[in-house]
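Colleague: I am new to this structure. Can you walk me through how to read it?

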Amino acid sequence: MDRTILHSDCNCYYASVEMLHQPKLWDIPMAVGGDPEARHGIILTANYIAKRRGVKTGMALWQARQVCPEITFVPPRMDLYIKFSRMIREIYSEYTDLIEPFGLDEAWLDTSGSCSVKGDGMRIAKEISGRIKKEIGITVSVGVSWNKIYAKLGSDYKKPDAITEFSRQNYREKAFPLPAGDLLYVGRSTQRKLHNLGITTIGELAGTDPALLQRIFGKVGLMLYAFAAGLDETPVSPEHTEAPVKSIGNSTTTPRDLTCDEDVKLVLYLLSESVAKRCRENGFAGQVIEIYVRDNELYSVGRQRKIAVPTNISHEIEAVAMELFHEVYHWHRPIRSIGVRVADLKPESIPWQISLFQSPEQREKLLAADRAADDIRRRFGFHAVQRGIMYCDRYLSSLNASADDHMIHPHSYLERGNRTGAEKILHLNV
Amino acid sequence: MGVYDYHREITVTGPVTLYEKMPEVTADNPYKAYVDVTARFTRDGELVPLSLTWEDGRTYEIDRVRDVQRLASRKAGGAGICYFCTVRGQEIQLFYEMNGLWFVTRKTDD
């Protein structure tokens, strides 16, 4: 039996949440974007009024101002968006436990199991959309279909606040004329290659011999065919089953260019503290430390090193990061952004070989100091206790390194392997 | 990576507020008024507001809670759990933002 899959996509998510909280933004062009003072000057989301004027996600703030001079910029409040995303997921979870988030604002739901109680896909979609509008105060576009790819096409089909169903009856009329570029994994270069084959729409892609696509694109060719023809079988992952963490990192574009070792040391301490804290919170210690440096001409370098003992002590992470920094960077240009990452994560309690050159007592003390600082910050706020170096440059150290940026990016559709069932296609046809 | 780390001004005056307890509307919004609320947690885990204190310091008893539902308020700007309360014969909507803060929709002249 066919599954019932919904894909729900919040319209202009960040902008919608801001508009809800500041009603004066309702009928003016506005965009959520980085703080130009802190030099993160790009648009993250614009509302529909601004979009109609030509403002696009990813534009620099000054570009947006050129196409739409009266636009209002609002700095992003990630924690608020995460909270609202959680509230929306609570609504989803009343309909199914198969909820796979795709970034903060999108999610797939497999409601096949609740259709006998709640009604068919369209009905559930209407109910969810209505409830989100009433209870959360923002609008969503929902796509309903029997596979994840078509459900996502459906949610992109009509915006804002719309529901589109691609059923077995209508998909040939409605989905097939859409451009092939609307499919997941059909980016600019794939689109160009398809165009050279004379394929521009999803219907044409679905009408192409999968063997030919396989010859040109390899495995991906079969997958694209499966996507276009509605044969994708990728399941919707159950709630709270994210793939295991592979590394913990943090990077930042600093409020001003870094020009000397002191500056770098200060920022590396901030980042290392945040990374070490997250490692400790999750019970990890990492054995590979990696840094990433980007100069003001936007050239970037990175380097990593395996260390003797897995660590989650901020001082140790900073020390290795600083060594790596001296190795890779020779100050030909000031630095614009910098990052620290801890990988090869192991459980914190893993036994380790004591080194001749490192005193275990000293490590214990450093760890205890870190934990004490965590506790103080938990109770009195991030700035309640700080390292002395932070007072060398208050402007630089006011940077907030604790933003939860690690959970924002959509995970890859194929993160858990290719579950599309595309390999079977050739056998079917043979 | 890192695009979302942004610079925050540190202005610590008086007791430090827990970050998550910061009001969600910082800009002036004439229709939203945060209020002091006295509430009771019942042993069943219910949260029942008993009285609220308006900006001018006057305290109003909540006579009855007619209904509780999750609701967004377009006018005040925010979303949370809405308590439809009767206060001195008038119905008001008291919102709990789920971060320790309560707000009501303020009536303004315009």
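Predicted model: local features only at pLDDT ≥ 70, side-chain atom pairs only at ≥ 80, totals over all residues.

Colleague: In what sense do β2 and β3 of chain A pair, and over how many bridges?

Modeller: Antiparallel, over three bridges. Strand β2 covers residues 30-33 of chain A. Take G33(A) as an example: its bridge partner in β3(A) is I43(A).

Colleague: Now the wider view. Which domains does chain A have?

Modeller: The domain assignment gives domain 1 (1-167) and domain 2 (247-407). Taken over C-alpha atoms, the centres of these two domains of chain A are 34 Å apart.

Colleague: Let us pick a single residue. Where is Y395(A) placed?

Modeller: In helix α16 of chain A, residues 394-397.

Colleague: Is Y395(A) buried or exposed?

Modeller: Count the other C-beta atoms within 10 Å; a residue is exposed if there are 12 or fewer. Y395(A) has 10, so Y395(A) is exposed.

Colleague: Which residues is Y395(A) in contact with, leaving aside neighbours within four places in sequence?

Modeller: P255(A) and R256(A). Compare that with Q353(A), which is 42 residues from Y395(A) along the chain. The C-alpha atoms of Y395(A) and Q353(A) are separated by 41 Å.

Notes. Residues numbered from 1 in each chain as written. Chains lettered and ligands numbered in written order. Domains from an automatic or database assignment. Helix = DSSP H or I, 4+ residues; strand = E, 2+ residues; numbered from the N terminus. Buried ≥ 20, exposed ≤ 12 C-beta atoms within 10 Å, placed from the backbone. Contact = placed C-beta atoms within 7 Å. Pairing = 2+ DSSP bridges.
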